[in-house]
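I opened a new notebook page for this model.

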Amino acid sequence: MDLLNTLVDKGLRRELPTREEALAVLATSDDELLDVVAAAGKVRRQWFGRRVKLNYLVNLKSGLCPEDCSYCSQRLGSKADILKYTWLKPDEASKAAAAGVAGGAKRVCLVASGRGPTDRDIARVSETIEAIKEQNEGVEVCACLGLLSDGQAERLRAAGADAYNHNLNTSEATYGDITSTHTYQDRVDTVTKAHDAGLSACSGLIAGMGESDEDLVDVVFSLRELDPDSVPVNFLIPFEGTPLGKEWNLTPQRCLRILAMTRFVCPDVEVRLAGGREVHLRSMQPLALNLVNSIFLGDYLTSEGQAGQADLDMIADAGFEVEGAGTTTLPRHRADALAAAGCGTGPAGCGTGPAGCGSHEDGVCGPCGGHGAPEVPEQVPADQARTDLVAVRRRGAGTDLAPNA
C-alpha cells in the first residue's frame, strides 16, 4: 500500500505527513486495519523499541469544578455519581503514589479538578511533589492542575516537577462546542508556559465526542506544532449525568486508526493510551501497544480501569516490556533537547505527563461543526454501547480502600 510505505518513510525521518495522508489513515477499511497497525508499529519501534512506560494517576481533589466542559464527570452541574473530596494531604497523596510506583509505574501524575491553581494550591502541590520524591527515588512527577498563571510553572519546577499536562482535547474550530468557561487559546497558553519554564510539556486529545475526521487531524497537527514531549490519547468515557453521556461513537477499529494517525503525525513523542481504552478498545487493547509506548496503570481519575496486574500481563503477553526507571523514555535527540532546556530532576530525565487535564480525563463532547460540513462517523448502535464498562472509581485516593495498581 503506497500510502503506508510513504507514511513509514516519513515517520522514520520525523517528517510531517500531509493532511490528506493523515485523513486517508482514518478512512482505511477494516480489511486494511492490520496493515495500518503494522506500518505504524514500525515507526513506534524505531523510536521506542518494545518498551511500554507505565504512569499512575493520583486524583488530588475530585469533583467540585467550576468549569463547564461537557465531557467531564467533574464539571459544573455534573450529575455523575463520582467521588467528591477536597485536597489530599501531602502524606496521603504520597502514599497513593507509592502504590503505583510499587506496581511498576515510572511516572506519577498529580491531577486536581478546577479552573486552575491558586498560589496556595501551588504551595500545597509543591509539598506533595517533595514528599513523593523523598519517598520514591527516581520517580518522575507530572502536575495537571488546569490553567496556569504567570510564575506558577516555575514554582512547580523548583519543587521538583518534571512535567506539566494540559490537553487541547479537540480542534480549535470546535472547542466552543465543548466549553464556554475558557478558550482553546487558554489551553495553548498554559502548555506554552509549562514548556517555557523548562517543564516537559504534555498535551493530547479526547476522541469519540462526535468529532469529524477533519477535527481529529486538526488537533493532532496542532499538537505537532506545539511540540509536546507526550501526547495522551483519551477515548471518551460517556458518564451518565454529563451532557455527552449518551455519545457512543467509537469502535475498537476506529480507536486503532486514531492511534495510528497520531503516531504517524507525532512519530518520536511519547504517545500514551489513556482514559477509555478498556471501554472502547476492549479485547483489542494489546494490538494498540504496537502504536503507543505508554499507558496508565490501574484506575483513572473518576473511573476504574482494568486490574493493574492485568495491565502487566497484557504487556508481557503481547511481547512488550515495562520500561525501567533507569531508562530514558524519549529518543536521544528529544531527551538531549530537553536536558539542554534544563528540564528534569530525576536520573531518567524528563519524559512526559498524564492523561486528561486538570479535571478532565473522563470526557465527552457534543456534535462538532466547522470545516463546512464534514462527515461525522455514525454512532455505535444503542445495543452495542458498552455502558457496563463505565465504572465509577470507588477505591484508592479519597477512600479507605486499597488502590488498583
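My entries on the fold, the helix pairs and the aromatic side chains follow.

**Entry 1: overall make-up.** I am working with a predicted model. Next I checked burial. Of the 405 residues in the protein, 61% are buried. Then I turned to contacts with a separation of 6 or more. Residues 24 or more positions apart account for 81% of them.

**Entry 2: α3 against α9.** Two packed helices are described by the angle between their axes and the distance between the axes. I looked up both values for helix α3, residues 33–48, and helix α9, residues 252–265. Their axes come within 9 Å and cross at roughly 40°. The label for α3 relative to α9 is therefore oblique. I also noted the hand of the crossing of α3 and α9, which is left-handed.

Which residues meet between α3 and α9? From α3 I listed Leu33, Val36, Ala39, Ala40, Val43, Arg44 and Phe48. From α9 I listed Gln253, Leu256, Arg257, Ala260, Arg263 and Phe264.

**Entry 3: α8 against α9.** I then took helix α8, residues 213–226. Helices α8 and α9 pack at an angle of about 30°, and their axes are 10 Å apart. Is the crossing of α8 and α9 left-handed or right-handed? I recorded it as right-handed.

The α8 side of this contact has Asp213, Leu216, Val217, Val220, Phe221 and Arg224. They meet Arg254, Ile258, Met261, Thr262 and Val265 in α9.

**Entry 4: aromatic pairs.** How many aromatic pairs are there, with ring centres required to lie within 6.5 Å? I counted two aromatic pairs. In one of them, the rings of Tyr175 and Tyr184 have centres 6.1 Å apart and planes at 65°, so the pair is edge-to-face. The cut-off behind that label is a plane angle over 60 degrees. I checked burial here too: Tyr175 and Tyr184 are both buried.

Phe296 and Tyr300 also form an aromatic pair. Centre to centre I read 6.4 Å, with 70° between the planes. This pair is edge-to-face. Phe296 is buried, and Tyr300 is buried as well.

**Entry 5: a charge over a ring.** Last, I looked for a charged group over an aromatic ring. Where does the charged end of Arg50 sit? I found it over the ring of Phe320, 4.1 Å from the ring centre.

Note on methods. Residues numbered from 1 in each chain as written. Predicted model: local features only at pLDDT ≥ 70, side-chain atom pairs only at ≥ 80, totals over all residues. Heavy atoms only, no water. Phe/Tyr/Trp six-rings, centres within 6.5 Å; stacked < 30°, edge-to-face > 60°. Buried < 20%, exposed > 50% of the residue type's maximum accessible area, 1.4 Å probe, protein only. Lys NZ or Arg CZ within 6 Å of the ring centre and 35° of its normal. Axes fitted to C-alpha atoms, helices over the stretch in contact; angles between N-to-C directions. Helix = DSSP H or I, 4+ residues; strand = E, 2+ residues; numbered from the N terminus. Parallel < 35°, antiparallel > 145°, perpendicular 65-115°, else oblique. Left-handed = near helix turned anticlockwise from the far one by under 90°. Contact = heavy atoms within 4.5 Å.
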